[in-house]
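Please open the model in a viewer and follow the stops below in order.

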Amino acid sequence: MTPHLVVLGGGAAGLAAARAALARQARPLLVTEGPPGGDCTFTGCVPSKSLIEAAERGATYPAAIRRAREVVAQIAATEDERALTAAGIEVLRGRATFVSHGRIEVAAADGAAVRTISAKRVVVATGSRPRVPPIPGLADLNYLTNETVFELDALPREVAVLGGGAVGCELAQAFARFGAEVTVIEAAKRLLPGEATEASRVVTERFAAEGIGVRTGATVRSVRSVDGGARLELADGDAVTAQRVLVATGREPVTAGLGLATAGVATDERGAIRTDAHLATTRRGVYAAGDVTGGPALTHAAYLMGRIAAENALGRRRQARFSAAAVPRVVFTSPEVAQVGLTEAGAVRRHPRARVAHLPLSEVDRAVTAGRTDGFVTIVAGRRRVTGHLGGGRVLGATVVGERAGEVIHELALAVRTGMFTGRLAQTTHAYPTYALAVQQAAAQFVTEHGGRRARPIQDRGPSPG
Ligand SMILES: Cc1cc2nc3c(=O)[nH]c(=O)nc-3n(C[C@H](O)[C@H](O)[C@H](O)COP(=O)(O)OP(=O)(O)OC[C@H]3O[C@@H](n4cnc5c(N)ncnc54)[C@H](O)[C@@H]3O)c2cc1C
Ligand SMILES: NC(=O)c1ccc[n+]([C@@H]2O[C@H](COP(=O)([O-])OP(=O)(O)OC[C@H]3O[C@@H](n4cnc5c(N)ncnc54)[C@H](O)[C@@H]3O)[C@@H](O)[C@H]2O)c1
């Protein structure tokens, strides 16, 4: 039977697209080269969070990696070929290539053609892969990426982590807690350069306290093998030696070899598929979702995009729009770094009259009782004209750094998503003593002085996106 929708890629975006088609009583065909679940289940969120949790609890590395593999298998089983077929999603394993507009060839791992599909409505969700910088000597080294790091049975003695973004910081701290000597080498001036400046400061201080080496503003000039390990020569003349090198320098979309040009689907200079607000590509009937669009590289964003792309591809009368404006993100370091909406630096030009409430966790009783006071809550809110600009306006964004920040952020995500006034947060009784109470305490600063603090005018605090 001819499928109503062909989905290319079985990661979070592709699975969401196939499920959304099914929910609309359409017949989806999911073509995927790797097993359903994609990066998140096998080489991303699931194994990394399992290791991080185990490291936090003081497990040994061998026990932690065994458990991580069990967790991966458990979650993969909920979305494997059998489970999807039982749910009504036809799955075809193989690599897809557009051979013309409306025709896709699927090849097996050995290159043999499996099937040629006629496809008028398509969602491309082929994800991303690690971006490896062209550093002389690196290609000759047996370096690790997220695709191979979870295959390590034994903990390396020393690990040099290239890149201090989300992947680099999360895994650096986990490996250090298992007992490895870890050095993070980050090209930008600070760790987590995409996050608020103060969030980077808190994480950097914690890394220092835990003995994790951090080299920021550092460029690796060359790499070479030494004594079964590697020596990384830095531009400032210093060198870092380590048994293993983990490359965590960002992602690149998987679009090469897909035949996108043949299909009339345009890509940008990074190779990401160009999409409009409806996730439509430049070819009618073809939509894209997830990491392959170059949008936020997050599982929940991929899932949201997959659903929207499928519904639009199937011909929703009023096409749905994708917006990342209220999509939260969490870096699972300890303390966690959570963000939704605009940071202060990101809001300053667009909302020059906004105000900012800031509360260090050292003034939050739950954090004090737990002895985990490194962190803060920052809320950015607009002005509210009807009250003569007194009190707070709508919540524009928030940063939460601290233990459980990844849980606490969701109340603020709801506030951003619904355009909630800060007064609502301040009026809502939060249980004592919780980390979430920090949100009420911070929001109260927009209404009155609270604990000696009051929301202040927004300031330009240097370059920081978001
Ligand atoms: C180490 C790490 C940790 C992460 N942790 C988190 C986290 O905690 N929270 C979070 O939200 N995000 C996290 N992410 C990001 C998250 O994993 C990705 O954003 C998400 O997996 C993207 O899903 P996707 O469906 O777009 O792509 P993918 O999961 O990459 O899926 C793409 C699929 O397409 C298939 N494919 C590729 N080419 C073809 C082809 N030609 N034909 C057929 N199939 C093809 C692939 O086999 C794959 O199955 C993490 C990422 C990494 C690397
Ligand atoms: N908890 C989460 O939600 C989570 C966790 C991991 C990854 N992710 C997603 O996966 C994506 C990829 O993560 P990532 O950490 O690989 O990428 P990233 O873009 O977040 O960070 C890469 C870092 O490497 C640095 N860098 C680039 N080239 C370098 C070089 N040659 N030398 C030294 N440093 C260099 C960059 O300045 C940047 O800070 C992220 O954008 C994120 O959305 C999410």
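The model is predicted: local features need pLDDT of at least 70, side-chain atom pairs count only at pLDDT 80 or more, and totals for chains, interfaces and linings use all residues. Residues are numbered from 1 along each chain as its sequence is written, and side-chain values use heavy atoms, leaving out hydrogens and water.

Begin with Tyr61 and Phe175. Their rings form a tilted aromatic pair, 6.0 Å centre to centre with 35° between the planes (centres within 6.5 Å; planes under 30 degrees apart are stacked, over 60 edge-to-face, the rest tilted). Tyr61 belongs to helix α4 (residues 61–76) and Phe175 to helix α6 (residues 166–178), 114 residues apart; helices are DSSP runs of H or I with at least four residues, numbered from the N terminus. Both residues are buried, that is, under 20% relative accessible area with a 1.4 Å probe, protein chains only.

Ring pairs join Tyr61, Phe175 and Phe178 into a cluster.

Next, display helix α3 (residues 45–56) with α6: their axes come within 9 Å and cross at roughly 40° (axes are lines fitted to C-alpha atoms over the stretch in contact, with angles from 0 to 180 degrees between N-to-C directions). Among the residues making the contact are Leu51 and Ile52 of α3 and Ala174 and Phe178 of α6, where contact means heavy atoms within 4.5 Å.

Finally, select Arg384, which lies over the face of Phe421 at 3.9 Å from the ring centre (CZ of Arg within 6 Å of the ring centre and within 35 degrees of the ring normal).

Methods
Chains are lettered from A and ligands numbered from 1 in the order in which they are written. Helices (H or I, at least four residues) and strands (E, at least two) are DSSP runs, numbered from the N terminus. Buried means under 20% relative accessible area, exposed over 50%, partly exposed in between (1.4 Å probe, protein chains only).
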